[in-house]
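Please look through the model shown here slowly, one part after another, and keep the sequence beside it as you read.

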Amino acid sequence: AGAVWVEAFGPAPGCEAATAKNQMDAFWQIWNSHPQYIAASLVFIMIAEAVSGISTTTGRESGEREPGFFGFGSNFPKTDADMKKMQDKELENGRLAMWAAMGLIFQGSANHMGGLEALGATFN
């Protein structure tokens, strides 16, 4: 949703500096006008990743949790075979989402069009 927000709805509230239709151009607009926003975002992401990485690694080493299991909800498959199938689906969908995000970023860098605009141009 964030990849097409500016194109579909306009600038994000409180961030009127990013008016470009694709992610890379919007990033550079913000970098040129407010580099402290980018720096603060990177610091926040590093702190969040460090904390979650330490807790995740500690839980796996002690055997309290499996990779990818965060304990949300109780609707997980009951059998090991069904759980394995669900883990494979989650992994495949995550990989597909990463390819899709990379495609939006690369096409925006190449033709400076937003994702929706490029999709519309494909069918015209």
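Helices are DSSP runs of H or I with at least four residues, numbered from the N terminus. The model is predicted, so that local features need a pLDDT of at least 70 and side-chain atom pairs count only at pLDDT 80 or more, while totals for chains, interfaces and linings use all residues. Residues are numbered from 1 along each chain as its sequence is written, and side-chain values use heavy atoms, with hydrogens and water left out.

Two packed helices are described by the angle between their axes and the distance between the axes. Helices H2 and H3 pack at an angle of about 110°, with their axes 5 Å apart, where axes are lines fitted to C-alpha atoms, for helices over the stretch in contact, and angles run from 0 to 180 degrees between N-to-C directions. H2 and H3 are therefore roughly perpendicular to each other, a term that covers angles of 65 to 115 degrees. In this packing, Phe-27, Ile-30, Trp-31 and Ser-33 of H2 meet Pro-35, Tyr-37 and Ile-38 of H3, with contact meaning heavy atoms within 4.5 Å.

Helix H1 (5-9), helix H2 (23-33) and helix H3 (35-62) each supply at least two residues of the lining of the largest pocket, and the largest share, five residues, comes from H2. A pocket is an open set of points on a 1 Å grid over the protein atoms alone, where a 1.4 Å probe fits and protein lies on both sides within 12 Å along at least five of seven lines; lining residues have an atom within 4 Å of a point.

Finally, His-112 lies in the loop between helix H4 (80-111) and helix H5 (115-122), and His-112 has a positive phi of about 55° although it is not a glycine.

Definitions and conventions. Parallel < 35°, antiparallel > 145°, perpendicular 65-115°, else oblique.
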